[in-house]
Amino acid sequence: MLAMAGLPKLAVFDLDYTLWPFWVDTHVDPPFHRSSDGIVRDSRGHIVRLYPDVPEIMVRLQGLGVPVAAASRTGEIEGANQLLEVFDLVKYFVYREIYPGSKVTHFKRLQQKTGVSFSQMIFFDDEKRNIVDISTLGVTCIHVQKGMTLQTLTLGLETFAKVQPGS
Ligand SMILES: [Mg+2]
């Protein structure tokens, strides 16, 4: 088990190809609808899913007391927010920074809103350019391959703990 002192004070997630396997602005058609059986479909009736470990990842971070935020560059702002709602993930996110542009802006706003320093944040994203940009701020960045998994979360938290002073 990880020592509490080695945990980040904020975990930030990209959305497309990090929490779900598609681009919300091109591959699916908002609005989305969740039926009584829990299945989410887009406006054309296509089934839309999260990467399977995502709900458990959020529960685990909540259990560890690590707040969660979203940082996405999508232009489909409404659709992305709606997806977080229909997937019942909104309750886990303390902040959602969802708009186009460099993610440096997203992180500067997260820093201002939370008061958490960059060195106390961990960031998961599938795109190398975002990893490169945000690494320069001093955030521990984890390059996600094939979507978030519990294994990637564990690896990320271990990586974060290792770079902490005195660890
Ligand atoms: Mg992405």
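How many helices and strands are there in the chain? I counted 5 helices and 8 strands. Helices here are DSSP runs of H or I with at least four residues, strands are runs of E with at least two, and both are numbered from the N terminus. I then read the order from the N terminus, which is β-β-β-β-α-β-α-β-α-β-α-β-α.

**Entry: ground rules.** I noted that this is a predicted model, in which local features need pLDDT of at least 70 and side-chain atom pairs count only at pLDDT 80 or more, while totals for chains, interfaces and linings use all residues. Residues are numbered from 1 along each chain as its sequence is written, and side-chain values use heavy atoms, with hydrogens and water left out.

**Entry: the whole chain.** I looked up the overall dimensions. The C-alpha trace spans about 55 × 35 × 25 Å along its principal axes.

The accessible surface comes to about 8400 Å², and carbon and sulfur atoms hold 53% of it. The areas come from the Shrake-Rupley method with a 1.4 Å probe, and for residues only the protein chains shown count as cover. Of the 167 residues, 46% are buried. Buried means under 20% relative accessible area, exposed means over 50%, and partly exposed lies in between (1.4 Å probe, protein chains only).

For contacts (heavy atoms within 4.5 Å), I took those between residues at least 6 apart in sequence. Of these, 65% join residues at least 24 apart.

**Entry: the open sheet.** In what order do the strands of the open sheet stand? The order is β2-β3-β4, with antiparallel pairing. β2 (33-34) and β4 (47-48) are at the edges with a single partner strand each, so one side of each has no neighbour in the sheet. Two strands pair if DSSP finds at least two bridges between them. β2 and β3 (residues 40-41) are joined by 2 bridges. H33 stands opposite R41 in β3.

**Entry: strand β5.** I moved on to β5 (residues 68-72). 5 of its 5 residues are buried, so the strand is largely enclosed by the rest of the structure. V68, A70 and S72 are on one side and A69 and A71 on the other, and both faces are covered. β1 runs parallel to β5, with 3 bridges between them. F13 has A70 in β5 as its bridge partner. β5 also pairs with β6 (residues 93-98) in the parallel sense, over 5 bridges. There A69 has Y95 in β6 as its partner.

**Entry: the magnesium ion.** Which residues coordinate the magnesium ion? They are D14 (OD), D16 (O) and D126 (OD), at 2.0 to 2.1 Å. Their spacing in sequence is D-x1-D-x109-D. D16 lies in the loop between β1 (10-13) and β2, and D126 in the loop between β7 and α4 (128-135), so this pair ties together parts that are 110 residues apart in sequence. D16 is buried, at 9% relative accessibility. Donors are N, O and S atoms within 2.8 Å of the metal (3.2 Å for Na, K and Ca), and water is not among the atoms, so sites may look incomplete.

**Entry: aromatic rings.** I searched the whole structure and found 5 aromatic pairs. One of them is W20 with F22, stacked at 5.7 Å centre to centre and 5° between the planes. Rings of Phe, Tyr and Trp (its six-membered ring) pair if their centres lie within 6.5 Å; planes under 30 degrees apart count as stacked, over 60 as edge-to-face and the rest as tilted. W20 is buried at 0% relative accessibility, and F22 is buried at 6%.

Another pair is F107 with F123, edge-to-face at 4.8 Å centre to centre and 70° between the planes. F107 is in helix α3 (residues 103-114) and F123 in strand β7 (residues 121-125), 16 residues apart. F107 is buried at 0%, as is F123 at 0%.

**Entry: F87.** Ring pairs link F87 with W20 and F22 into a cluster. Where is the place of F87? I found F87 in the loop between α2 (77-86) and β6. Its relative accessibility is 11%, so F87 counts as buried. Leaving out residues up to four places away in sequence, F87 touches W20, R34, V40, V48, R49 and L50. F87 and H33 are 54 residues apart in sequence and 9.8 Å apart in space, C-alpha to C-alpha.
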